[in-house]
Amino acid sequence: MIQMKNVMKQYDNGVIAIKDLSLTVDPGEFLYVIGPSGAGKSTVIKMLYHELKPTSGSIQVGKYDLATMAPSDVPYFRRNIGIVFQDFKLLPRLTVFENVAYAMQVVEAKDEDIKPRVLHVLKLVGLEQKLRRFPSELSGGEQQRVAIARAIVNAPDVVIADEPTGNLDPDTSEGIMDILERINADGTTVIMATHNREMVNERPHRLLEIAGGRLVRDEQGGSYSDEE
Amino acid sequence: MKSNVFMRHVRDSLKSLKRNGWMSVAAVSAVTVTLLLVGIFLALLLNVNRVSTQVENDVRVRVYIQKGTTKKQQAALKDQLEGLANVKKVTYRSASQELNSIVGSYGSQWAMFRGDQNPLNNIFLVDTKDAKDTISVAKRADKFKHVSEATYGGTTAKKLFRTVATIQRWGAFFTILLLFVAVFLISNTIRITILSRRDEIKVMRLVGATNAYIRWPFLLEGAWTGLFGSLLPMLIVDFGYGLVARNAHFTEAANGFSLYPNMPFLVWLDLGMALIGIVIGGLGSVVSMRRYLKA
């Protein structure tokens with residue numbers, strides 16, 4: 001499903017964010033990416049959805065080789081993945097329904113297919129009563145649920161979440177995790193960068209720990225150690 | 001592109017225009033002010049050009065026929081004049097017709113010269129194909145037999161030609177300058193609205209929208225901004241031009257010059273303003289967002 005081989009990322013200012021990272025993610029896995037701030041978590045996540053290109057090495061996601069992919073293929077690649085951000089990144093001028101529908105519209109889905117599918121995923125995240133609200137009229141947790149609905153509406157193979165609970169209180173974070181685990185239970189691969197120690201310890205999954213740009217731990221069911 | 005996708009873009013662009021609220025109002029207002037200036041100046045410049053051309057074309061060669069020339073000789077002279085290069089039309093006016101027009105213009109005291117007292121000559125009025133040919137035609141006609149004198153207005157006409165050329169040159173310059181200002185102002189306004197929405201464009205790209213898909217609603221929104229911005233200038237210019245044309249009518253009749261008639265001039269002017277708005281609005285959007293669409 002996902003394969004990173006000897007990936008190195010150096011920014012234009014000379015800083016090396018990731019050094020010689022190799023890993024394989026199988027379909028249907030739930031993966032935490034943890035590490036202190038500045039360790040390189042976000043760089044890894046951004047490389048996975050091709051916001052950043054690796055300086056060297058290769059990244060294969062499904063049939064796409066991200067290191068050599070043509071710019072014109074990027075939109076089509078992104079349609080196979082769902083992305084969830086810490087700051088939600090919803091379109092402020094679109095309603096809840098329209099935000100989720102937009103992800104289907106860009107793949108040129110028919111109007112008659114869009115409506116039932118959007119209603120279905122909004123029901124899945126518990127927002128079927130707030131279809132006509134604008135993002136500014138929702139709480140943080142609700143906005144994140146809209147973002148998750150948008151990420152899964154096209155039934156992607158993989159959902160990539162960059163600190164999805166970073167801006168949310170513990171109770172709301174639990175709700176978001178419930179949804180992500182439910183999506184994973186349906187067979188979607190979930191890769192989640194997080195700082196949330198309690199969450200990782202209470203809901204164990206495969207854990208990748210990055211420190212100083214290197215992968216220092218890859219453990220199934222791993223948890224935050226006390227000294228971290 | 002599928003027609004349902006295009007219709008979706010049209011719907012979305014209108015919806016977005018509405019939801020952008022004051023930003024849209026600001027953009028439409030900027031286009032309105034710019035196109036109002038463009039409309040007024042275009043109407044003015046086009047008419048100045050028209051009247052100056054009419055003034056220029058009013059310059060004709062007057063060929064004074066020597067007294068005592070027989071009708072047969074006059075007919076031969078007319079043929080000779082018509083045979084000259086660049087001559088469009090030769091009109092005969094008798095001495096009494098000339099005197100009548102003087103009486104009409106300067107008063108009845110000139111009527112005492114009617115009949116045998118008439119000191120004026122019979123003349124031929126020669127229209128040339130191009131006003132600037134009057135000088136050469138006059139010079140050649142002056143050498144013909146039975147011609148007492150051939151005039152074209154002398155230095156006055158030369159000055160007139162120079163003035164008209166200057167007016168037309170500056171008119172063209174101002175028109176081009178004005179169009180540049182319009183392009184700059186409208187595309188700048190559109191650029192500011194796009195700048196405020198660059199995060200939206202980023203999100204659209206992250207959910208897998210192609211650049212073409214992102215571009216369409218923005219292009220259409222820019223075009224709507226241009227079109228809506230041109231409506232008020234059209235109304236004001238149409239109303240204003242109608243008013244000016246009506247009041248100028250009497251003066252025109254006396255001088256023999258005329259402004260462009262309302263129809264179809266205003267239709268073309270309105271179409272021009274709408275087109276400038278739509279094209280600059282639409283293209284301005286596409287050009288402004290180009291940098292945010294780079295992979």
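**From chain A to a helix of chain B**

Guide: Chain A has seven helices and 10 strands, where helices (H or I, at least four residues) and strands (E, at least two) are DSSP runs numbered from the N terminus. The radius of gyration of chain A is 17 Å, close to the 17 Å that the globule rule gives for 228 residues, so chain A is as compact as a globular protein of that length. That radius is taken over C-alpha atoms, and the globule rule is 2.2 Å times the number of residues to the power 0.38.

This is a predicted model, in which local features need pLDDT of at least 70 and side-chain atom pairs count only at pLDDT 80 or more, while totals for chains, interfaces and linings use all residues. Residues are numbered from 1 along each chain as its sequence is written, and chains are lettered from A and ligands numbered from 1 in the order in which they are written.

Along its principal axes, the C-alpha trace of chain A spans about 45 × 45 × 35 Å. Of its 228 residues, 43% count as buried. Buried means 20 or more other C-beta atoms within 10 Å of a residue's own, exposed means 12 or fewer, and partly exposed lies in between, with C-beta atoms placed from the backbone. One covered piece is helix α1 (residues 41-48) of chain A, with seven of its eight residues buried, among them A:Lys41 and A:Leu48. Just after α1(A), A:His50 has a positive phi of about 65 degrees.

A:Leu91 leads across to the other chain. It sits in the loop between β6 (81-85) and α3 (96-105) of chain A. A:Leu91 counts as buried because 20 other C-beta atoms lie within 10 Å. Beyond its neighbours within four places in sequence, A:Leu91 is in contact with A:Asn99, A:Tyr102, B:Glu200 and B:Val203; contact means that two C-beta atoms, placed from the backbone, lie within 7 Å.

The contact between the chains takes 17 residues from chain A and 16 residues from chain B. On the chain B side, α1 (3-19) and α7 (198-206) each supply at least two residues. The largest share of that side, five residues, comes from α1(B). By class, the chain B side has seven nonpolar, five polar and four charged residues. Here Ala, Val, Leu, Ile, Met, Phe, Trp, Tyr, Cys and Pro count as nonpolar, Asp, Glu, Lys and Arg as charged, and the others, Gly among them, as polar.

Now for α1(B) itself. It has 17 residues and reaches 24 Å from its first C-alpha to its last, close to the 24 Å expected at 1.5 Å a residue; the expected span is 1.5 Å times one less than the number of residues. Within α1(B), B:Ser13, B:Ser16 and B:Leu17 are buried. Seen down the axis of α1(B), the buried residues fall within an arc of 100 degrees, so they line one face of the helix. The arc is that of the directions from the helix axis to the C-beta atoms. An α-helix has 3.6 residues a turn, so residues three or four places apart point the same way. On the other side of α1(B), B:Ser3, B:Asn4, B:Met7, B:Arg11 and B:Lys18 are exposed. After α1(B) comes B:Gly21, with a positive phi near 50 degrees.
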